[in-house]
Amino acid sequence: THNITGIPEVVMEDERTEEISDEGQGDVEDETVTMPMVQATPVVRTEIGDVPADAEGQPIQGAEPIHPQAVQAYRTQRSQDRNCCENRACLWTFWLIVAGFIITSFVVGFVTKRPWLGALGILSIIPAAVILYIIYWKNHKTQVELPRVVNMFCWGIVGAIPAAFLELLLTFMFAWATGYNTKNVENGDNNEPVSHVVIYSLFAAFFVAALCEESLKYYLVVEFPNGTKNVRTAYGIVVLATAGALGFATLENIGYVFQDSSSSSFAVAIMRALLAVPLHAATGMIIGLSIAKALMDRSNPACWKVLWLPILLHGTYDGLLMLSLGLKNENPDIQNLGILAFLIPIFALGYGVRQIYKLPPEYFVGEANQRLLA
């Protein structure tokens, strides 16, 4: 059977010597038949068959397969271990959903005499599609199967729903425990003390939005079934993490863009396309990089080690925006914090791309990736 632990499977061939004695009677002399001795050979099962292994259980480079006939069984088992949605039906379903969403936006806009809704539908999903094209299709489409990328993108969309409910629950619990009117704080009501605005903004930014959303991205890659299994290369994990993050960002973007459903939503769509969606992609990219590096080093990708930087970046961005909105009536100059927040996505995306360019070649191809074939 196929090894699913990530540790090469070592098979020992039994050393067996068998003697058969037949004591003859009369003129028949004693005859001893000795079966040939087979030397014990440690092997590891790979795509080309059972290859001789070294003392550490790793395949010997350049060694010829001992059992080439095992290749077909290995590939069959690999296909069974792959993600359940890695097939053409998944791809067609995904594209039908996207096309259906865009067509529905145009139809609803025509019926309600708000034709801009169709354009908003396109604007709400284009940012994620462009970033995913750059990360995956443009240069690295061989690192992981396309159906698997689409599958992770879809699960990012699905995961956004429970994450939103959890954020609402945390906000309600905070308001119940402190007595703050969170709606007034978010809208910058003059009746709310400055301390209330600051405390709630920081809590909502770091402990509600950043913690919940970045933890979801981490869970999709590490804990979710088939998250890192059968990944071709270490960079494939980065692609999957980014795809999951963009799936989440897409549904969140649709919610914000269609919240007002007026012509002013174009400004929201454009601002989120330039800032919020790239930030989600960048934090997903950083999460994928941290997990890939940990797995390549044969260490455990601890949650806090992976998430501290994405939470810091995400929380700082949301916190600055919320403070600029909540305190705008106290001091007009406070809105400069919003301008400072715009630099966070640029920094995060630049940092993630730079870390990708600094990855050694074995993260994209090579024997080192065999340890990721779980």
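Is the crossing of H9 and H12 left-handed or right-handed? Hi everyone, let's start there, and please keep in mind that this is a predicted model. The answer is that H9 and H12 cross in a left-handed way. H9 covers residues 276–296 and H12 covers residues 343–357, and their axes come within 8 Å, crossing at roughly 35 degrees.

Who makes the contact? On the H9 side, the residues include Pro278, Leu279, Ala282, Met285 and Ile286, and Lys293 takes part as well. From H12, the partners include Ile344, Pro345, Ala348, Leu349, Tyr351 and Gly352. Sorted by class, this contact has 13 nonpolar residues, two polar ones and one charged one.

Now, on to the aromatics. The structure holds seven aromatic pairs. One of them is Phe174 with Phe203, a stacked pair with 4.5 Å centre to centre and 20 degrees between the planes. Phe174 sits in helix H4 (residues 146–178) and Phe203 in helix H6 (residues 194–222), so this pair ties together parts that are 29 residues apart in sequence.

How buried are these two? Phe174 has a relative accessible area of 11%, so it is buried. Phe203 comes out at 21%, which means that Phe203 counts as partly exposed, because buried would need a value under 20%.

Phe203 also forms a stacked pair with Phe207, at 5.9 Å centre to centre and 25 degrees between the planes. Those two are four residues apart in H6, so about one helical turn separates them.

To put the rings together: Phe174, Phe203 and Phe207 belong to one aromatic cluster, along with Tyr180 and Tyr200. Thanks, everyone!

Conventions. Residues are numbered from 1 along each chain as its sequence is written. This is a predicted model: local features need pLDDT of at least 70, side-chain atom pairs count only at pLDDT 80 or more; totals for chains, interfaces and linings use all residues. Side-chain values use heavy atoms; hydrogens and water are left out. Axes are lines fitted to C-alpha atoms, for helices over the stretch in contact, and angles run from 0 to 180 degrees between N-to-C directions. A crossing is left-handed if the near helix is turned anticlockwise from the far one by less than a right angle, and right-handed if clockwise. Contact means heavy atoms within 4.5 Å. Ala, Val, Leu, Ile, Met, Phe, Trp, Tyr, Cys and Pro count as nonpolar, Asp, Glu, Lys and Arg as charged, and the others, Gly among them, as polar. Rings of Phe, Tyr and Trp (its six-membered ring) pair if their centres lie within 6.5 Å; planes under 30 degrees apart count as stacked, over 60 as edge-to-face and the rest as tilted. Buried means under 20% relative accessible area, exposed over 50%, partly exposed in between (1.4 Å probe, protein chains only).
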